[in-house]
Amino acid sequence: GGGSVDVDLDANALMFDGSGQLVDAVWFRQLQSKDGSVRHSGDNRTGAGDGDDETITVDLTRVPASVQTVVFSVNNYTGQNFSQVDNAYCRLVNTQGDQEIARFNLSVQGDHTAMILASLKRSGNDWTMTAIGTPSRGRTYTDNLPDIRPHL
């Protein structure tokens, strides 16, 4: 009765080598990286349920040495822009201690259909997280690759 429309937001983790080549992608069509270091909880097409609808877990100790950057993004597969989506957010959580590191409120972001959220870059034996928050367009991560490349 309220005119609401189903929205399907999809979380992605994209793994790049040192030359900026995409070596693996974890998303709703591939729920685990080839090496098993990155796992997706599965596609939630309606947002129903309590808590985070889709999660991506990265075990940084298992990410192959050839992977230098992991980029996180979200796409609206059903095509609405984020100004038409209520109560949508993405967050980065350190599972050791369950500490929220960053949060993006997607519902107030504007007339685009995708967002490049953050990157993890290898720095020796450590990783550095950078918040990005760059808008993009498209239904899947492949549409966003040109907008992701400057952040590698």
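Guide: Let us begin with a definition: two strands pair if DSSP finds at least two bridges between them. Please keep in mind that this is a predicted model.

Visitor: What makes β6 and β7 a pair?

Guide: At least two bridges are required, and β6 and strand β7 (residues 99–105) have six bridges, in the antiparallel sense. Therefore the two strands count as paired. Within this part of the structure, valine 93 stands opposite glutamate 100 in β7. The two strands form a hairpin with four residues between them, and glycine 97 in the turn has a positive phi of about 95 degrees.

Visitor: How do you know that β1 and β5 pair?

Guide: The required number is again at least two bridges, and nine bridges join β1 to β5. These strands therefore pair, and they run antiparallel. As an example, leucine 9 has asparagine 76 in β5 as its bridge partner.

Visitor: Which strands make up the open sheet, and in what order?

Guide: The open sheet has five strands in the order β2-β1-β5-β8-β9, with antiparallel pairing.

Visitor: Why are β2 and β9 called edge strands?

Guide: Each of β2 and β9 pairs on one side only, and that is what the name expresses. From one strand to the next, the twist averages 20 degrees.

Visitor: Why is serine 119 called buried?

Guide: Buried means under 20% relative accessible area. Serine 119 has a relative accessible area of 1%, so the residue is buried. Serine 119 is found in strand β8 (residues 114–123). Among the residues that serine 119 touches are Thr69, Val71, Met129 and Ile132. Serine 119 and serine 73 are 46 residues apart in sequence, and their C-alpha atoms are 9.1 Å apart in space.

Visitor: How do you know whether asparagine 81 is buried or exposed?

Guide: Asparagine 81 has a relative accessible area of 16%. The limit for a buried residue is under 20%, so asparagine 81 is buried. Asparagine 81 is found in the loop between β5 (67–76) and β6 (89–94). Leaving aside residues up to four places away in sequence, asparagine 81 touches Gly110, Asp111, His112 and Thr113.

Visitor: What makes threonine 140 a buried residue?

Guide: The relative accessible area of threonine 140 is 12%. With the limit at under 20%, threonine 140 is therefore buried. The loop between β9 and α1 holds threonine 140. Apart from residues up to four places away in sequence, threonine 140 touches Trp27, Asn75 and Tyr77.

Visitor: Which residues of helix α1 are buried?

Guide: In helix α1 (residues 141–148), the buried residues are Tyr141, Asn144, Leu145 and Ile148.

Visitor: How do you know that they are on the same side of α1?

Guide: They cover an arc of only 135 degrees around the axis, and therefore they are on the same side of α1. A general rule applies here: an α-helix has 3.6 residues a turn, so residues three or four places apart point the same way.

Visitor: What do the buried residues of α1 pack against?

Guide: The buried residues of α1 pack against β1 (9–17), β2 (22–26), β5, β8 and β9 (126–136).

Note on methods:
Residues are numbered from 1 along each chain as its sequence is written. This is a predicted model: local features need pLDDT of at least 70, side-chain atom pairs count only at pLDDT 80 or more; totals for chains, interfaces and linings use all residues. Side-chain values use heavy atoms; hydrogens and water are left out. Buried means under 20% relative accessible area, exposed over 50%, partly exposed in between (1.4 Å probe, protein chains only). Contact means heavy atoms within 4.5 Å. The arc is that of the directions from the helix axis to the C-beta atoms. Axes are lines fitted to C-alpha atoms, for helices over the stretch in contact, and angles run from 0 to 180 degrees between N-to-C directions.
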